[in-house]
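Please view the sequence and the model before reading on.

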Amino acid sequence: MTANGWLQILVFLVVLVVLIRPLGLYMARVFEGERTFLDSLLKPVERFFYRLCGVKAEQEMNWREYTAAMLLFSFVSLVLTYVIERAQHFLPWNPQALAGVSPALAWNTAASFTTNTNWQSYVPETTMSYFTQMVGLAYHNFLSAAVGIAVAIALVRGIARRQASTIGNFWVDATRSIFYVLLPICLILAPLLIGQGVIQNLKPYTSAQTLEHSAQPQTIAQGPVASQEAIKMLGTNGGGFFNTNSAHPFENPTPFSNFLEILAMLLIPAALTVTLGKMTGSSGHGWAVFACMFLLWFTALVCIYRAESRPHPVLHGVDQHTSALQSGGNQEGKEVRFGLANSALFATTTTDVSCGAVNAMHDSFTPLGGMVVLANIMLGEIVFGGVGSGLYGMLIYVVLAVFIAGLMVGRTPEYLGKKIEAFDVKMAMLYVLIFPLVILVLTATSVLSHKGLDGITNPGPHGLSQILYAFTSAAGNNGSAFAGISANTNWYNISLGFTMLAGRFLMMIPMLALAGNLALKKGVPPSPGTFPVNTALFTVLLTSVILIVGALTFFPALSLGPILEHLLLNHGTLF
């Protein structure tokens, strides 16, 4: 760890904090239907879109109608993406004449992009045509992000409203998410990335003769990268145009493009805490939730930065110390142009915000560094989390924290003037339990079957970590991987596809039921025994609940994977 590295991290944090408040307040105005500076430009487009699709914007939905609309929309978009992949050899913008995608892989990819996971079991530049990349996948980056934001706003409305039977209109929330939030920021971000050297074209791949004059010329992939890169990062999608993702110089060529991409990942999830405070009338509560997220994020950053900065214990006689001439530490799988600090910052952010994009290979991290990126996802992708999904996941833990606080003082729990009752706790616990159940059952099944074991490239505890990471990433809708695993098999394509759908929609349903139930409740005035949710004490309690649930659930699996690997590595054993 160096002073220069920490200075870069500090500059990043200053810029982030400066931006989130105006963006959060702007999003509150957007979703409360108040006037914004973009109304004169976008209102006519929005109204035309509603007329075209037959949407009655003024007609709100109860939680069941909202859920049904969200599921129907997601199902149709999944089927459309599957059809595009299978038929891409008949479709335009395929200069490389790539064949249609195989059924299992097309299923996995359609489920992946529908759920905002963007897990990729394939090499994008040799599998997907330009048409599939843009129409099948990039459009999903907008739609899946919009679904996440819409559902989070529905929960916030449920918290804020009193004795209301509706929580908004899904079609309106999703549309406004795209038109007023995602598209405007992407129109700013994409040209900035192009200015840094991210490519944007529809040219055929370039064939170049290497300096060695080998018989086989080098093929340099091209494509409409910048437009996809912007929404890939802003929508916390993460699926790369190239196989090496944001480590590729055509996706992320400079330290400044790296800065922009990390900022884009955190911008909306962090700003939504301000939106929460504004829409519920308790800005202090929004900042308390932000403080909890920041504390967990910063702790993970310190742990990863320290773990990757230490010399590798089995490389004897090699100078691995940091100096003016070298970064030092564990450089395997990292880009020299980014260094350890920005690799650690990117890895922490992408696994905390459910993005999954990478500028360094997590499979090459030290065992402890790899354990932290894995643990980030195991917390449920609530540390800022995906756009929308991070906020509603964190609010589930807020309900549990308030419930526990009420038990501690012997009072009926209250949250922002709403009594937390049995149904609310049941829905919150259902949400929390689905996540580890899917991960641990399928990981155990894979470890006990030849189909699962055939995919790992390393024996012993690291092989377990590869499988555990795959299912954790899929259930958390993250999409990153310990990329040593060979996941393009029927077993992993099919099982991970269902895991991604379960991690997205089986968890959304009880959350929306909770939103509907909270909206029906009448408000109760605060009393001397009401536990405040806008204080440092609440932040500490919320953080503790998150860590206890995560540690108790996944610690045994982590002990058999990265922790055991770390102990064996210090004794000279490699895997």
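## Salt bridges and helix packing

Arginine 337 and glutamate 335 form a salt bridge in which the closest N and O atoms are 2.7 Å apart; the term denotes a side-chain nitrogen of Lys or Arg within 4 Å of a carboxyl oxygen of Asp or Glu. The model is a predicted one, in which local features need pLDDT of at least 70 and side-chain atom pairs count only at pLDDT 80 or more, while totals for chains, interfaces and linings use all residues. Residues are numbered from 1 along each chain as its sequence is written, and side-chain values use heavy atoms, with hydrogens and water left out.

Across the whole structure, the search finds 12 salt bridges.

| arginine 337 | glutamate 335 | 2.7 Å |

Accessibility is classed as buried (under 20% relative accessible area), exposed (over 50%) or partly exposed (in between), using a 1.4 Å probe and protein chains only. Arginine 337 counts as partly exposed because its relative accessibility is 26%, and glutamate 335 is likewise partly exposed at 26%.

Arginine 176 belongs to helix H7 (residues 170-196) and glutamate 46 to helix H2 (residues 39-53), so the pair ties together parts 130 residues apart in sequence. Helices are DSSP runs (H or I, at least four residues) and strands likewise (E, at least two), numbered from the N terminus.

Glutamate 421 is partly exposed at 43% relative accessibility, whereas lysine 521 is buried at 10%.

Helix H17 also takes part in packing. Helix H16 (residues 460-475) and H17 have axes that come within 7 Å and cross at roughly 40°; axes are lines fitted to C-alpha atoms, for helices over the stretch in contact, with angles from 0 to 180 degrees between N-to-C directions. H16 is therefore oblique to H17, a class for angles that are not under 35 degrees (roughly parallel), over 145 (roughly antiparallel) or 65 to 115 (roughly perpendicular).
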